[in-house]
Amino acid sequence: QRDEDFDTSYEGLLHLSSMLGEVRPRGTPDHIVAALPHGLYREWAAPGESETRCPICLDDYQPEDPVLKISDCSHWFHKGCIEVGSPLLRAHSSTG
């Protein structure tokens, strides 16, 4: 089926909802996000040594971007990328 053939009418979406059941975004719980080391990109960036791009969204960091670090991982991430539910964080929090 092509995207343009998808029924986006109210009735069509109700039918889809009845087939899928209740769907909720899988955000990362606030208490987990709050417990992670955090700061601004400019506070930890070392020229020539630090990553310049978030491994989740692939956007370049800006100096004032809030970033978080996951324990046992060398990467930093945009705070917003972690808050929306990174699979990396879900995997880490379920094992640790």
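This is a predicted model: local features need pLDDT of at least 70, side-chain atom pairs count only at pLDDT 80 or more; totals for chains, interfaces and linings use all residues.
## Ground rules

Local features here need pLDDT of at least 70 and side-chain atom pairs count only at pLDDT 80 or more, while totals for chains, interfaces and linings use all residues. Residues are numbered from 1 along each chain as its sequence is written, and side-chain values use heavy atoms, with hydrogens and water left out.

## The chain as a whole

The protein chain has 5 helices and 3 strands, taking helices (H or I, at least four residues) and strands (E, at least two) as DSSP runs numbered from the N terminus. In sequence order, the pattern reads α-α-β-α-β-β-α-α.

Of its 96 residues, 23% count as buried, where buried means under 20% relative accessible area, exposed over 50%, and partly exposed in between (1.4 Å probe, protein chains only). Among contacts (heavy atoms within 4.5 Å) with a separation of 6 or more, 45% link residues 24 or more positions apart.

## The sheet

The strands line up as E1-E2-E3 in an open sheet of 3 strands, with antiparallel pairing; two strands pair if DSSP finds at least two bridges between them. E1 (38-40) and E3 sit at the edges with a single partner strand each, so one side of each has no neighbour in the sheet. E2 and E3 pair over 3 bridges, and Val 67 stands opposite His 78 in E3.

## The nonpolar core

The largest nonpolar core runs to 12 residues, including Val 33, Leu 36, Tyr 61, Val 67, Trp 76, Phe 77 and Ile 82. A core of this kind is a set of buried Ala, Val, Leu, Ile, Met, Phe, Trp, Tyr and Cys residues joined through side-chain atoms within 4.5 Å.

## Two residues to look at

His 78 belongs to strand E3 (residues 76-78) and counts as buried because its relative accessibility is 12%. Its side chain makes a 3.0 Å polar contact with that of Asp 65; such a contact is a pair of N or O atoms within 3.5 Å, where within protein one must be able to donate a hydrogen and the other to accept it, and residues adjacent in sequence count only if both atoms are side-chain atoms. Leaving out residues up to four places away in sequence, His 78 touches Cys 54, Cys 57, Tyr 61 and Val 67, among others.

Leu 58 sits in the loop between helix H3 (41-44) and E2. Leu 58 is exposed, at 53% relative accessible area, and has a positive phi near 65° despite being a residue other than glycine.
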